[in-house]
Amino acid sequence: MTSVRADVYSRVTDQIVAQLEAGSRPWLQPWQAAHAAGVVSRPLRFNAMPYRGINVVLLWLAAMRHGFTCPLWMTYRQAGELEGRVRRGEKGSLVVYANTFTRHETDDNGEEHEHEVPFLKSYSVFNAEQIDGLPAHYYAQAEPRLHTVERVQRAEQFFGRTGADIRHGGSMAYYARQPDCIQVPAFESFRDAESYYATLAHEVTHNAACRIMPRRM
């Protein structure tokens, strides 16, 4: 039991450390998801009940890594019960389940005692975007933004002078060494201009650091 729990702890820790070493901060997402069920940073079970604890972080990481915009997750069996089919080749994402069970023991005096024993197990879930044939609301898109966000001209000029290759689209923000470009969601998907430029500045810093480091070596 102890070795199994330790293995689950290690798998969880390894995923978080790997994402941090990559320079990602999956708990900060100031742009709007493209799904009607809500933002991807609020992971939900197939029945719209929110995940809790470390599973929230694990599914943040998975959504960031794979570019999912849907916050809904389910097991292979749950998908089948909804008449959905996990696409061939899709990989599940790690979540954990923690609980306790009651153990009854008899001491040397013949007296029976009971105590709670904690246990931890892991299993895999799939994002709705990995599954075909689910009911329509699992694929429903968010309503378009009702107000426009205005660009800040001075900020636009500043980032234009950095020389960085800035590309827009998708649901993730990151700097890629190859092909040496910055990817951020569309400007209109951010909650305000400040959030957009702050996110862009973060990725431009990664871009600049990678350009400077080889010169120092």
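This is a predicted model: local features need pLDDT of at least 70, side-chain atom pairs count only at pLDDT 80 or more; totals for chains, interfaces and linings use all residues.
Q: What is valine 184 in contact with, leaving aside neighbours within four places in sequence?
A: Its contacts are Ile166, Arg167, His168, Gly169, Met172, Ala173, Tyr196, Thr199, Leu200 and Glu203.

Q: Stepping back, how many helices and strands does the chain have?
A: There are five helices and nine strands. Buried residues account for 35% of the chain's 217 residues.

Q: And where is confidence lowest, and where is it highest?
A: Helix H1 (residues 2–21) is lowest, with a mean pLDDT of 60, while strand E6 (residues 131–132) is highest at 97. Over the chain the average is 79, and 74% of the residues score at least 70.

Q: Changing topic: how do strands E4 and E5 pair, parallel or antiparallel?
A: Antiparallel: E4 (residues 93–106) and E5 (residues 112–127) pair over 14 bridges. Asparagine 99, for instance, has phenylalanine 119 in E5 as its bridge partner. Five residues sit between the strands of this hairpin, where glycine 110 takes a positive phi near 85°.

Q: How many salt bridges does the structure hold?
A: Four. Arg87, Glu90 and Asp132 are linked in a network of them. The closest N and O atoms are 3.6 Å apart for glutamate 90 and arginine 87, and 2.8 Å apart for aspartate 132 and arginine 87.

Q: Why does the pair of aspartate 132 and arginine 87 tie together parts of the chain?
A: Aspartate 132 lies in strand E6 and arginine 87 in the loop between strand E3 (85–86) and E4, so the pair ties together parts that are 45 residues apart in sequence.

Q: Is arginine 87 buried, exposed or partly exposed?
A: Partly exposed, with a relative accessible area of 30%. Glutamate 90, at 29%, is also partly exposed, and aspartate 132 counts as partly exposed at 32%.

Q: Which residue forms a salt bridge with arginine 167?
A: Aspartate 165 does, with the closest N and O atoms 2.9 Å apart.

Notes
Residues are numbered from 1 along each chain as its sequence is written. Side-chain values use heavy atoms; hydrogens and water are left out. Two strands pair if DSSP finds at least two bridges between them. Helices (H or I, at least four residues) and strands (E, at least two) are DSSP runs, numbered from the N terminus. pLDDT is the predictor's confidence in each residue, from 0 to 100. Contact means heavy atoms within 4.5 Å. Buried means under 20% relative accessible area, exposed over 50%, partly exposed in between (1.4 Å probe, protein chains only). A salt bridge is a side-chain nitrogen of Lys or Arg within 4 Å of a carboxyl oxygen of Asp or Glu.
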